[in-house]
Amino acid sequence: MEILPFIMFAAVFLLLLLGYPVALTLGGVSVIFGVLTFGFDFFALLPLRIWGTMTNYVLLAVPLFVFMGVMLEKSGIAEKLLETMGMLFGRFRGGLAVAVVIVGTLLAASTGIVGATVVTMGLMSLPAMLKRGYDPELATGTIAASGTLGQIIPPSIVLVLLGSILNVSVGDMFVGAMVPGLLLVFLYLLYITLLGAIRPGLMPAIPVAEIRAFKGGTPWRTVIEAFVIPFTLVIAVLGSIFAGIASPTEAAAIGAFGALLLTFFQRKLSFDVLKSVMQETTWLTSMVFIILAGASAFSLVFRGMHGDRYLSEMIVQANFQPELFLAIVMIGVFIAGFFIDFIEIIFIVVPVVAPIFTAFGVDLLWVGVLLAMNLQASFLTPPFGFSLFYLKGVTPKEVTTGHIYRGIIPFIIIQLFMLVLIILFPELVTWLPDLLSGR
């Protein structure tokens, strides 16, 4: 009996590696093991468990944030931001790469949809960077890394899901992730700036004639329009949460409505656009929640088999210190990110390890931000990093998969360095929530 939960866990992981659908794998394996162990009566609890998850008010933020992100993608805000930022920083070596990171940050804070951000920036900035002599590895690495910032910079779907599973306030998760997220952006910019000084041939400046042509029009009006629109939305969403005016779910509703208004004012709103956004939102939300239903079945059976208790007892008997257990979890999540999606990791691994962290007395807010930073790397690590797939789908033929894989390595190293910083200095996560709450 003691080994059955771990056989079930291994079976799920193996089937996922073989390419079976996540939701069906989680639900199917759980039902099989549950029936074999407890009989059909045990699953009288399952509908109640799924119903409790589906009526979770916090998770209502997921479709709202997805709607906001997809709507902003259709509004052309990203395109205008990239063009404007490229010209503002273009006279510096590495200026285009710096512009991509800054735009990625703004899009992360206003949309949080990784796929849309990577594809948009890949279509808009990669041809411009290659045309101006940028090294393909640097260009693709910068775009892929910047596109994943939406995983750690609020509002982030990852933070919403982690907060729900860890039973931590999503507002606190958003606040706690702000400093680490912005520090990661700073490290990206520092790396690009230093590389531009050491190896200037990798990133030439934009020709002076192009910059003069840009300044010959109405540059300040263009800059204001490009910046005011995303900043207005960021302040409306994050400002209302940080100020305590709205809960994350209410702020997500503000963001969704704000994105609708901004698209209207950009003259991009039409029935076809609205239909497309609603279809994509429904598809993405359905994918998340059907996986969540499967994960609920997995969690029910795993705990019914006392898998969480057996795991806790094993760790206690092994005399693991909290630091060692944290290291094992972080390494395990990082390695799992090479092969399976972040949603799968959240719904499979986090419910298993969360009770153990609680027993150790570890701050779950800190653990949640650590996991979010770690899961961000899963978008970048080959062979199954989704950002790499998104980017490869829009790159010219001369840019190979090898260019993308090699280009992302420095940014993965920066993310791992940032992960170590958060572990060594938990105050990076806890300082701002403590300050805002008056603790």
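The stops below go from a helix to a cavity and then to some aromatic rings. Keep in mind that this is a predicted model.

**Stop 1: a helix.** Select residues 271–304, helix H14. With 34 residues at 1.5 Å each, H14 should span 50 Å, and its end C-alpha atoms lie 49 Å apart, which agrees. Now step just past H14 to His 306, where phi is positive, at about 65°.

**Stop 2: a cavity.** To see its lining, select Phe 298, Ser 299, Phe 302, Arg 303, Ile 348, Pro 351 and Val 352. Which helix gives the largest share of this lining? It is H14, with four residues; helix H18 (350–360) also supplies at least two. By type, the lining residues of this cavity are five nonpolar, one polar and one charged.

**Stop 3: aromatic rings.** The structure has five aromatic pairs. Show Tyr 191 and Phe 411: their ring centres are 5.5 Å apart and their planes meet at 80°, over the 60 degrees required, so the pair is edge-to-face. This pair joins distant parts of the chain, with Tyr 191 in helix H10 and Phe 411 in helix H21, 220 residues apart. Tyr 191 is partly exposed at 24% relative accessible area, whereas Phe 411 is buried at 1%.

Conventions. Residues are numbered from 1 along each chain as its sequence is written. This is a predicted model: local features need pLDDT of at least 70, side-chain atom pairs count only at pLDDT 80 or more; totals for chains, interfaces and linings use all residues. Side-chain values use heavy atoms; hydrogens and water are left out. On a 1 Å grid over the protein atoms alone, a cavity is a set of points where a 1.4 Å probe fits but cannot get out, and a pocket is an open set with protein on both sides within 12 Å along at least five of seven lines; lining residues have an atom within 4 Å of a point. Ala, Val, Leu, Ile, Met, Phe, Trp, Tyr, Cys and Pro count as nonpolar, Asp, Glu, Lys and Arg as charged, and the others, Gly among them, as polar. The expected span of a helix is 1.5 Å times one less than its number of residues. Rings of Phe, Tyr and Trp (its six-membered ring) pair if their centres lie within 6.5 Å; planes under 30 degrees apart count as stacked, over 60 as edge-to-face and the rest as tilted. Buried means under 20% relative accessible area, exposed over 50%, partly exposed in between (1.4 Å probe, protein chains only).
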